[in-house]
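Please examine the sequence and the structure shown here before reading the report.

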Amino acid sequence: MNAESLVPYLNFISRWVLFAAVFYKAYRTREKGWVLLTAAFFIDALDVESYILEPLGITMHPDAYAIAAKIPNFIIAFLVVWGAVHLKHGESKLKHVVYISLFAVVSYIWLLLLATDILDDPTTRAILPSLAFGGALIYVGNVLRKYVVSHHWVEMMFPWGLILLGALNLTYPVTRFISWFAPIGFFMGAVFRLMAAIGATKFVFYPLTPVVPSTDVKIPPGAYLFPTREDVVHRFGTVWDKPGVILITREDVGMLKESIHPNTLVFWITRAKEGKLEESPTIYAMGPTKIDILTDLITRAVGQGYSLVYIDAFEYLMLENGFENTVKFLLNVKDRVVSSEGTIILVANLNTLEPRQRRILEREFSH
């Protein structure tokens with residue numbers, strides 16, 4: 001079996017693996033950006049012409065095909081850009097809606113022109129659809145690379161595979177009709193898709209590297225509540241400089257990494273950045289509203305050997321999510337940690353809470 005004969009199999013497998021990974025991410029996070037990307041990659045994976053119509057022996061009218069073949073490019077580009085905007089900004093601002101709306105109008109006009117004799121050259125017909133599809137993949141790849149995916153080399157295959165695939169599609173109007181390059185181009189496209197699929201799988205299903213279980217933390221298992229960091233030190237010592245600790249904090253990471261153990265896992269709660277910032281100690285920037293993802297990551301880490309969770313970002317999480325949602329997050333994490341015979345320490349100023357809220361925390365955490 002030569003390289004050219006592998007292309008259909010690589011394309012089929014990589015399309016569906018990429019879709020499955022993004023779909024699972026959307027299912028777990030319930031984030032609009034991932035849902036939009038799921039829809040885009042599902043359309044790409046379906047490839048109705050190759051995987052449905054052709055096996056059924058159904059052919060499209062040649063005149064209709066000239067238009068129908070370009071529709072997926074525009075729809076996928078529309079969904080990908082919109083999804084990337086949500087991943088980067090968390091929402092669609094007015095300017096984003098205006099830009100995406102203008103793109104929809106231009107796409108509509110271009111599809112109408114394809115039905116006329118104005119665009120009768122194959123290269124000209126493919127220019128805008130290829131620019132839209134390729135540009136959208138490059139854009140989402142850069143958003144993933146800068147704001148979402150860690151710097152782990154396998155995870156980076158996800159955005160870089162999309163970026164390279166997008167760049168290749170920008171050349172499609174010309175290279176598609178170069179007989180000697182066309183097979184090479186299709187093989188390169190399959191390889192780039194496979195890269196993205198492998199990276200997405202690592203990013204979604206294996207986001208953390210297993211660690212050596214902690215042996216130095218001598219704190220009894222359970223859930224503890226303290227008003228200040230100094231109270232924690234007085235009771236247990238400097239717990240954050242021990243291995244196998246998870247920190248959920250708002251403290252400055254530049255100063256923090258100087259005083260914590262290299263084996264520490266830090267979730268820095270911030271809106272400023274997102275994704276992995278440091279390898280050792282492992283520091284992730286995490287949006288304050290992504291407490292479902294945070295719960296998932298903490299659970300994975302506890303299963304991989306981390307034994308102590310230290311949280312001093314309670315007030316900020318409560319400000320962004322409300323008390324009820326933040327407490328649900330805390331209790332969920334507490335149950336998972338304690339059931340694994342681990343320890344959770346919460347640092348929170350109870351004087352800022354209402355009496356009912358205070359009683360809930362006092363009931364769940366020893367102090």
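## Model and conventions

This is a predicted model, in which local features need pLDDT of at least 70, side-chain atom pairs count only at pLDDT 80 or more, and totals for chains, interfaces and linings use all residues. Residues are numbered from 1 along each chain as its sequence is written, and side-chain values use heavy atoms, with hydrogens and water left out.

## Surface residues

Leu-6, Tyr-9, Phe-12, Ile-13 and Val-17 make up a nonpolar surface patch with about 450 Å² of accessible area together. Patch members have over 30% relative accessible area and no salt bridge, and nonpolar side chains are joined within 5 Å. A salt bridge places a side-chain nitrogen of Lys or Arg within 4 Å of a carboxyl oxygen of Asp or Glu. Areas follow the Shrake-Rupley method with a 1.4 Å probe.

Leu-6 belongs to helix 1 (residues 3-29), helices being DSSP runs (H or I) of at least four residues. Leu-6 is partly exposed, at 33% relative accessible area; buried means under 20%, exposed over 50%, and partly exposed in between.

## Aromatic contacts

The whole structure contains 14 aromatic pairs. Phe-78 and Trp-82 form an edge-to-face pair, with 5.8 Å between centres and 70° between planes. Rings of Phe, Tyr and Trp (its six-membered ring) pair if their centres lie within 6.5 Å; planes under 30 degrees apart are stacked, over 60 edge-to-face, and the rest tilted. Both residues lie in helix 5 (residues 71-89), 4 residues apart. Phe-78 is partly exposed at 26% relative accessibility, as is Trp-82 at 31%.

Trp-16, Phe-19, Phe-23 and Phe-42 form one aromatic cluster.

Notes. Patches are made of residues with over 30% relative accessible area and no salt bridge: like charges are joined within 9 Å, nonpolar side chains (Val, Leu, Ile, Met, Phe, Trp, Tyr) within 5 Å. Helices (H or I, at least four residues) and strands (E, at least two) are DSSP runs, numbered from the N terminus. Buried means under 20% relative accessible area, exposed over 50%, partly exposed in between (1.4 Å probe, protein chains only).
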